Amino acid sequence: GGEWEKALYLFTVMSQSKVESDTIVCNSVIGACAKKGMWQTALHLFGVMVQSKIRFDNFTFPAAIGACEKSGRWEEAMHLFGEMPHSKVEPTTIACSTAISACEKGGQWEAALQVFRALLQSAVETDTIAFSALISAFEKGSKWEQAMHILSVMVQSTVQTDTIVFSTSVSACEKGWEWEKALKLVGVMARSMVE
């Protein structure tokens, strides 16, 4: 079987033999389930952590949110993201970026923007993934003006732009019938690749 099956088997054996599971073991199993898109199993294990009073850390939430993101379960991802402060776990860049990506994949630009705003208001650093996922959420929602605004915020920040960010922004302009802006972006992208 796969690695997730081995991880889940070990977790089950540990539980049955009264060996105490710890945060690292649980995070590993949740992460293995996330890689296979097994969001229900990952959330079940997350619930086991709650019931067993196993401490959460900065890897627990991103792993569980990632399982939801890979399976297109944006509502569950947002619920987990909202639980972080109640669990006394500070949001991390990975948790925020993964939650934004889950919302983007679910076509929920408003929810993606909500997480992005929380990211900007916190002491957590933004990254290319967060910006890219938000721009993609706007592109999917036919919100070219918002996509362009976030691109300008990104360019003004210290976060590195990439081809994906520019391509998604061009696509957003295309969907909004803003071909002149799309052409301008292609020129900017070409110049930035030369530099």
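**View 1. Helix H2, end to end.** Helix H2 covers residues 23-35, and at 1.5 Å a residue its 13 residues should span 18 Å; the end C-alpha atoms are 18 Å apart, so the two agree. The expected span is 1.5 Å times one less than the number of residues in the helix. Helices here are DSSP runs (H or I, at least four residues), as strands are (E, at least two), numbered from the N terminus. This is a predicted model: local features need pLDDT of at least 70, side-chain atom pairs count only at pLDDT 80 or more, and totals for chains, interfaces and linings use all residues. Residues are numbered from 1 along each chain as its sequence is written, and side-chain values use heavy atoms, with hydrogens and water left out.

**View 2. The whole chain, by fold and confidence.** The protein has eleven helices and zero strands. Along the sequence the pattern reads α-α-α-α-α-α-α-α-α-α-α. Mean pLDDT (the predictor's confidence in each residue, from 0 to 100) is 84 for the protein, and 85% of its residues reach 70 or more. Among the elements, helix H1 (residues 3-16) has the lowest mean pLDDT, 56. Helix H5 (residues 74-83) has the highest, 95. Of the 195 residues, 47% are buried. Buried means under 20% relative accessible area, exposed over 50%, and partly exposed in between (1.4 Å probe, protein chains only). Among contacts (heavy atoms within 4.5 Å) with a separation of 6 or more, 59% join residues 24 or more positions apart.

View 3. Thr23, Cys26, Asn27 and Val29 are among the buried residues of H2. Ile30, Gly31, Ala32, Cys33 and Ala34 are buried too. Just after the helix, Gly37 takes a positive phi of about 70 degrees.

**View 4. H2 against H3.** H2 and helix H3 (residues 39-51) pack at about 165 degrees, with axes 8 Å apart. That angle makes H2 roughly antiparallel to H3. Angles under 35 degrees count as roughly parallel, over 145 as roughly antiparallel, 65 to 115 as roughly perpendicular, and the rest as oblique. Axes are lines fitted to C-alpha atoms, for helices over the stretch in contact, and angles run from 0 to 180 degrees between N-to-C directions. H2 passes H3 in a left-handed crossing. A crossing is left-handed if the near helix is turned anticlockwise from the far one by less than a right angle, and right-handed if clockwise.

**View 5. The loop between H5 and H6.** Lys88 lies in the loop that links H5 to helix H6 (93-105). Lys88 has a positive phi of about 60 degrees, although it is not a glycine. Its relative accessibility is 76%, so Lys88 counts as exposed. Val89 lies in the loop between H5 and H6 as well. Val89 is buried, with a relative accessible area of 6%. Leaving aside residues up to four places away in sequence, Val89 touches Phe56, Asp57, Asn58, Phe61 and Met84. Phe59 is 30 residues from Val89 in sequence and 9.8 Å away in space, C-alpha to C-alpha.

**View 6. Helix H8, a mostly covered element.** H8 (128-140) has 13 residues and reaches 18 Å from its first C-alpha to its last, close to the 18 Å expected at 1.5 Å a residue. Ten of its 13 residues are buried. These are Ala130, Phe131, Ser132, Ala133, Leu134, Ile135, Ser136, Ala137, Phe138 and Glu139. The buried residues pack against H6, helix H7 (109-121), H9 and helix H10 (163-175).

**View 7. From H8 through Ser142 to H9.** Ser142 lies in the loop between H8 and helix H9 (144-156). Ser142 is not a glycine, yet has a positive phi of about 55 degrees. At 47% relative accessibility, Ser142 counts as partly exposed. The axes of H8 and H9 come within 8 Å and cross at roughly 165 degrees. The two helices are therefore roughly antiparallel to each other. H8 passes H9 in a left-handed crossing. Thr128, Phe131, Leu134, Ile135 and Phe138 in H8 meet Gln146, Ala147, Ile150, Leu151, Val153 and Met154 in H9.
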